[in-house]
Amino acid sequence: MNVLTVGARAIELDKDGFLVELSDWSTDVASALAAAEDIELSPEHWEILDLLRRFYAEFQLSPATRPLIKYTALKLGPDKGNSLHLNRLFKGTPAKLAAKLAGLPKPTNCL
Amino acid sequence: MAKSLLIISRQSPWSGPGAREALDIVLAGGAFDLPIGLLFLDDGVFQLAAKQDAKALQQKDLSANLQALPMFGVEELFVCAESVAQRGLDSNALSLEDARALSAQEITALIDRYDQVITL
Amino acid sequence: MSTLHVLSHSPFGDDRLTSCLRVIGADDALLLCGDAVYALQPGTAPFTTLQARGLKLYALDEDARARAIAIADWAEAVDYPAFVELSVHHDKVNSWL
């Protein structure tokens with residue numbers, strides 16, 4: 001079992017580094033998950049993570065790349081809702097990595 | 001040009017895996033940019049009843065998932081008008097507002113138009 | 001474009017046959033296999049409906065024999081090679097799973 005230590009808390013992760021309990025998520029947890037991926041979260045990252053959590057609240061699933069881009073374009077405009085921007089922020093695998101940092105389940109339709 | 005695919009979803013939402021499987025195929029197809037359509041037929045139209053509560057069964061919220069279809073690029077959404085009427089549902093109050101109600105003849109033409117059809 | 005519709009569930013207590021007949025097109029055909037061959041049980045509603053419709057109808061011979069169902073003369077008995085032949089002959093196959 002993978003464990004992520006945030007302050008005094010030990011948080012369970014699955015074999016791919018996703019949260020086992022989605023309710024464990026907090027901004028501190030997100031920062032720690034990002035640090036484990038060598039990412040320092042900027043405001044540009046946060047707005048995507050926030051968006052992903054809204055997507056999940058609305059649709060109860062994690063988006064694959066294409067719907068993530070579409071949703072981002074819809075909510076934040078085409079300057080941010082494009083693969084270039086999202087790939088740059090999330091090391092080329094935005095659907096998978098951003099879902100992980102946002103505390104969402106692994107996207108099932110993202111092979 | 002990828003072959004077009006029509007999924008006919010005819011299972012009720014909570015009785016078994018059929019409704020979920022049909023949706024998963026559609027979402028996966030949409031994520032890969034396939035030209036894909038989804039028709040709700042027979043008890044499948046119950047998937048579109050408003051105000052369902054998935055939490056009551058502690059299952060994944062199929063109704064919420066269905067709302068994601070346009071985000072996955074799936075815009076071709078249809079319901080069988082007769083199935084809706086038979087089951088006492090209001091075709092103007094279905095949870096997928098964009099789904100077009102089709103007559104039997106229109107469904108025949110729809111099936112004809114797609115390259116491949118999967119009925120679940 | 002023609003579609004081969006394939007049914008494998010019993011028509012008794014199930015809507016597949018009814019719905020299939022509702023949407024089947026003039027150039028389409030219907031193949032009955034598995035428990036769907038029970039639709040050819042004489043004296044039943046499905047039998048009467050199918051007889052009256054006069055569509056292109058096939059039934060898998062071995063499934064009918066196993067269930068003691070005689071294939072009516074207005075339907076055509078097929079074996080698996082013929083089933084494959086039919087699948088190829090039509091533009092697509094719609095299996096009502």
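Within what distance do the axes of helix 2 of chain A and helix 3 of chain A come, and at roughly what angle do they cross?

Tutor: Bear in mind that this is a predicted model, where local features need pLDDT of at least 70, side-chain atom pairs count only at pLDDT 80 or more, and totals for chains, interfaces and linings use all residues. Residues are numbered from 1 along each chain as its sequence is written, while chains are lettered from A and ligands numbered from 1 in the order in which they are written.

Now, your helices. Helix 2 of chain A covers residues 43-59 and helix 3 of chain A covers residues 65-76 (helices are DSSP runs of H or I with at least four residues, strands are E runs of at least two, numbered from the N terminus). Their axes come within 11 Å and cross at roughly 110° (axes are lines fitted to C-alpha atoms, for helices over the stretch in contact, with angles from 0 to 180 degrees between N-to-C directions). That's why the two count as roughly perpendicular (65 to 115 degrees; under 35 is roughly parallel, over 145 roughly antiparallel, the rest oblique).

Who does the touching? Helix 2 of chain A brings Glu47(A), Ile48(A), Leu51(A) and Phe55(A), and helix 3 of chain A answers with Tyr71(A), Thr72(A), Lys75(A) and Leu76(A) (contact: C-beta atoms, placed from the backbone, within 7 Å). Sort them by class and you get five nonpolar, one polar and two charged residues (Ala, Val, Leu, Ile, Met, Phe, Trp, Tyr, Cys and Pro are nonpolar, Asp, Glu, Lys and Arg charged, the others, Gly among them, polar).

Step back to the whole of chain A. Its domain assignment gives domain 1 (2-37) and domain 2 (43-102), with bounds from an automatic or database assignment. The centres of domain 1 and domain 2 of chain A, taken over C-alpha atoms, are 19 Å apart. Where these domains meet, domain 1 of chain A gives six residues and domain 2 of chain A gives five. The domain 1 side has four nonpolar, one polar and one charged residues.

While we're in helix 1 of chain B, look at Gly30(B), which lies in it. Gly30(B) is buried, because 24 other C-beta atoms lie within 10 Å (20 or more means buried, 12 or fewer exposed, in between partly exposed, with C-beta atoms placed from the backbone). Beyond its neighbours within four places in sequence, Gly30(B) is in contact with Ile36(B), Phe72(B), Gly73(B) and Val74(B).

And chain C? No contact joins chain A and chain C, and their closest C-alpha atoms lie 23 Å apart. Chain C does touch chain B, with 12 residues from each. On the chain C side, strand 5 gives the most, with four residues, and that side has four nonpolar, five polar and three charged residues. Overall, chain C has four helices and five strands, running β-α-β-α-β-α-β-α-β along the sequence. Of its 97 residues, 32% count as buried.

Methods. Contact = placed C-beta atoms within 7 Å.
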